[in-house]
Amino acid sequence: MVQSDWGDWLVRDIEDASPDSVGIWYLGCNGFVLKGREGTTVYIDPYLGLGTPPRTIRMIPVPFDPEDVTEADAVLATHEHSDHVHGESQAPILESTDASFYAPDDSLAVTREENWTDEWDLDDDQFVDVSEGDTFEIGEFTVHVEAAHDPDSTQPVSYVFEHEDGTIFHGGDTKPSDEFERLGEEYDIDLGILAFGTVGMIPDKETGEPERTRWYNDENQIVEAAEALELERLLPSHWDMWKRLTSDPKVLHHHARSFDYPRELEIVEIGDRLDL
């Protein structure tokens, strides 16, 4: 059972908003909400769990209770890790809104292993299998499923959201990819979301012994990816989430300043909104 530290104010803020273009809310970790001017609302990788202490320890508040969500057209997952596919965080949103859940097959396998359709009132047709090269429509957004490079994941994807007012890239936990130069040429990306963090000592799942762990881009990798994608604006995510892996995204100003891309660095904290 998810218990929010913030009550329902963030959900109400999102659902009451009427963006002039696309509003983008940061949910912490790698979670985001996109809301277009016509009201289309898309959740990406919302995670409201606490991790598995003492291995993974959540460092930020739980910003809302998923049962408070009444408006959502879709929930998207970038890959199968528990902080990206999580029944207690996502299934109640699907149940209360009849939204569709878009995810690659290995992510959908998690929903079956966790018995989402048994634990919540969900239909099989709410689950949509996606893979690289797919394109589909969610209200006012055209969504392209593209490559991602995450060696820790078995089937990662990234998403490109095209809207009349601009284009957003969400890379999940991707590191730099040979595909990103192609994407930078193919899409005019106004805002790119890339995971950022430090290297830390995380207990091994099996032995419990601390081992050197790199789950997210460091300063050089995130700028390398942003440059290849030709991002106008770079929004670092995930840096706030796990004890021992947190970082300070302000340092990226120094790393990005001599490159053509990203043109701007967007620093947001959990609960913040920015607009396309």
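Biologist: How many bridges join strand E14 to strand E15, and do they run parallel or antiparallel?
Modeller: Strand E14 (residues 200-203) and strand E15 (residues 210-213) are antiparallel and are joined by four bridges. This is a predicted model, so that pairing is read from predicted coordinates.

Biologist: What stands opposite Pro203?
Modeller: Pro210 in E15.

Biologist: And the turn of that hairpin, which residue there takes a positive phi?
Modeller: Gly208, with phi near 80 degrees. The hairpin of E14 and E15 has six residues between the strands.

Biologist: Buried or exposed?
Modeller: Gly197 counts as buried, because its relative accessibility is 2% and the cut-off for buried is under 20%.

Biologist: What does Gly197 touch?
Modeller: Not counting residues up to four places away in sequence, Gly197 touches Tyr216, Asn217, Asp218, Leu245 and Ser247.

Biologist: New topic, the open sheet. What is the strand order?
Modeller: The order is E9-E10-E11-E12-E13-E16-E17, seven strands with mixed pairing.

Biologist: Which strands stand at the edges?
Modeller: Strand E9 (135-138) and strand E17 (264-265). Each has a single partner strand, so one side of each has no neighbour in the sheet.

Biologist: How does E9 pair with E10?
Modeller: E9 and strand E10 (residues 141-146) are antiparallel, over four bridges. Within that pair, Phe136 stands opposite Val143 in E10.

Biologist: Staying with the sheet, which strand holds Thr167?
Modeller: Strand E12, residues 166-170.

Biologist: Why does Thr167 count as buried?
Modeller: Because its relative accessibility is 8%, and buried means under 20%.

Biologist: What is Thr167 in contact with?
Modeller: Leaving out neighbours within four places in sequence, Thr167 is in contact with Val160, Phe161 and Glu162, with Asp188, Ile189, Asp190 and Leu191, and with Leu276.

Biologist: Now helix H2. How many of its residues are buried?
Modeller: Eight of eleven, so helix H2 (residues 87-97) is mostly covered. The buried residues of H2 are Gly87, Ser89, Gln90, Ala91, Pro92, Ile93, Leu94 and Thr97.

Biologist: Zoom out. How many helices and strands are in the protein?
Modeller: Seven helices and 18 strands. The radius of gyration is 17 Å, close to the 19 Å that the globule rule gives for 276 residues, so the protein is as compact as a globular protein of that length. The C-alpha atoms fill a box of roughly 50 × 50 × 35 Å along the principal axes.

Biologist: What share of the residues is buried?
Modeller: 59% of the 276 residues count as buried. The protein exposes about 11700 Å², with carbon and sulfur atoms supplying 40% of it.

Biologist: Last one, the charges. How many positive and negative?
Modeller: There are 18 positive and 65 negative charges, and their mean positions are 8 Å apart.

Notes: Residues are numbered from 1 along each chain as its sequence is written. This is a predicted model: local features need pLDDT of at least 70, side-chain atom pairs count only at pLDDT 80 or more; totals for chains, interfaces and linings use all residues. Side-chain values use heavy atoms; hydrogens and water are left out. Helices (H or I, at least four residues) and strands (E, at least two) are DSSP runs, numbered from the N terminus. Buried means under 20% relative accessible area, exposed over 50%, partly exposed in between (1.4 Å probe, protein chains only). Contact means heavy atoms within 4.5 Å. The radius of gyration is taken over C-alpha atoms; the globule rule is 2.2 Å times the number of residues to the power 0.38. Accessible areas come from the Shrake-Rupley method with a 1.4 Å probe; for residues, only the protein chains shown count as cover. Lys and Arg count as positive and Asp and Glu as negative; His and the chain ends are not counted. The place of a charge is taken as NZ of Lys, CZ of Arg, CG of Asp or CD of Glu. Two strands pair if DSSP finds at least two bridges between them.
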